[in-house]
Amino acid sequence: MNTPEIVLHSSPTLLAAAVAARLVTRIVDIQSTGKIPSIVLTGGSTGIDVLRYINSSPARDAIDWRRVELFWGDERFVPADSEDRNEKQARDALLDQVPLNPDLVHAMAASDGPFGDDVDAGAAAYADLIAGRDGFDITLLGIGPDGHVASIFPEHPGVYDDRLAIAVRNSPKPPPTRISLTLPTIRTSDEVWVITAGEAKSGAIALALGGAGEIAIPAAGAIGKARTLWLLDKAAAVRLPSGFSRAPVA
Ligand code: 6PG
């Protein structure tokens, strides 16, 4: 278990740009050891902004994109071409712009895919896909104002589930049907980065870092094996518990 580290940036724009730079650097570092980095992507506004910043950065091409393996932390169970889909948003922001190896890009099922509307079969297929892996290098997560991460919501069945990936029904955040990694799966990641901006998230962040349990605040259970990073803008940090600095780096 490691203590969460907090890095503050003065605006949402700087946050997304700085996380983009950090992710490019980590991917290059992992590749230079000869490994194929395994990165779990997130949906949500800040996570997608990070991908946009990577796409517009000259450092984007320092990555050998053919040697990057991508997963998703959660997915909205909607048709493949829906703008709501995390995969579609990530493709538009970055993935369709770089020479990825399609065999290493592991999207979760869509509602018009091979499993049709059987979300349980889609989730089970994702669990099979990741079974036997020795975790991930980096898992990116957003956080909701209620403290959810991926599609693991407070007091919802998923927060009690220890399968690798699960179907989520009646999600409090639309759309209602989703697929998600569970908290135990997220914790197989070497590094977990929780990335978020805005005061609306500040209460949940304060609770997660202030010792809340993961049933009430799932983000409290988002912990990396080697490192847990909270990458925040200053508005998201206004309620940080005492002991954490609220001053941005810049
Ligand atoms: C999703 C997410 C979800 C998201 C948070 C934060 O598919 O909806 O993966 O967990 O990351 O709700 O979203 P925002 O950054 O848009 O607030």
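Trainee: Where does N170 lie?
Mentor: N170 lies in the loop between β6 and β7. Helices (H or I, at least four residues) and strands (E, at least two) are DSSP runs, numbered from the N terminus. Residues are numbered from 1 along each chain as its sequence is written. This is a predicted model, in which local features need pLDDT of at least 70, side-chain atom pairs count only at pLDDT 80 or more, and totals for chains, interfaces and linings use all residues; side-chain values use heavy atoms, with hydrogens and water left out.

Trainee: Is N170 buried or exposed?
Mentor: N170 is exposed, with a relative accessible area of 63%. Buried means under 20% relative accessible area, exposed means over 50%, and partly exposed is in between (1.4 Å probe, protein chains only).

Trainee: What is the phi of N170?
Mentor: The phi of N170 is near 55 degrees, which is a positive value in a residue other than glycine. E155 is not a glycine either, and its phi is positive at about 60 degrees. E155 lies in the loop between β5 and β6 and is exposed, with a relative accessible area of 53%.

Trainee: Which peptide bond is cis?
Mentor: The bond from P174 to P175 is cis, with omega near -10 degrees. P175 is placed in the loop between β6 and β7.

Trainee: Let us step back. How many helices and strands does the chain have?
Mentor: The chain has six helices and nine strands. Its radius of gyration is 17 Å, close to the 18 Å that the globule rule gives for 250 residues, so the chain is as compact as a globular protein of that length. The radius is taken over C-alpha atoms, and the globule rule is 2.2 Å times the number of residues to the power 0.38. Along its principal axes, the C-alpha trace spans about 50 × 40 × 30 Å.

Trainee: And what share of the residues is buried?
Mentor: Buried residues make up 52% of the 250 residues in the chain.

Trainee: Which residues of α6 are buried?
Mentor: They are S202, A204, I205, A206, A208 and L209. Six of the eight residues of α6 are buried, so this helix is largely enclosed by the rest of the structure. Its buried residues pack against β1, β8 and β9.

Trainee: What follows α6?
Mentor: G211 follows α6, and its phi is positive, near 105 degrees.

Trainee: Now for charges. How many positive and negative side chains are there?
Mentor: There are 23 positive and 31 negative side chains, and the centres of the two sets lie 6 Å apart. Lys and Arg count as positive and Asp and Glu as negative, while His and the chain ends are not counted. The place of a charge is taken as NZ of Lys, CZ of Arg, CG of Asp or CD of Glu.

Trainee: How many salt bridges does the structure hold?
Mentor: The structure holds 21 salt bridges. A salt bridge is a side-chain nitrogen of Lys or Arg within 4 Å of a carboxyl oxygen of Asp or Glu.

Trainee: What does R227 pair with?
Mentor: R227 forms a salt bridge with E5, and their closest N and O atoms are 2.8 Å apart. This pair links distant parts of the chain, with R227 in strand β9 and E5 in strand β1, 222 residues apart. R227 is partly exposed at 27% relative accessible area, and E5 is partly exposed at 33%.

Trainee: What about D74 and R178?
Mentor: Their side chains meet in a salt bridge at 3.4 Å, N to O. D74 is in strand β4 and R178 in strand β7, 104 residues apart. D74 is buried, and so is R178.

Trainee: And where do D134 and K225 lie?
Mentor: D134 lies in the loop between α4 and β5, and K225 in the loop between α6 and β9, so the pair ties together parts that are 91 residues apart in sequence. Their side chains meet in a salt bridge at 4.0 Å, N to O. D134 counts as exposed at 69% relative accessibility, whereas K225 counts as partly exposed at 43%.

Trainee: Which residues are joined into one network?
Mentor: Salt bridges that share partners join E75, R85, E87, R91 and D96 into one network.

Methods. Contact means heavy atoms within 4.5 Å.
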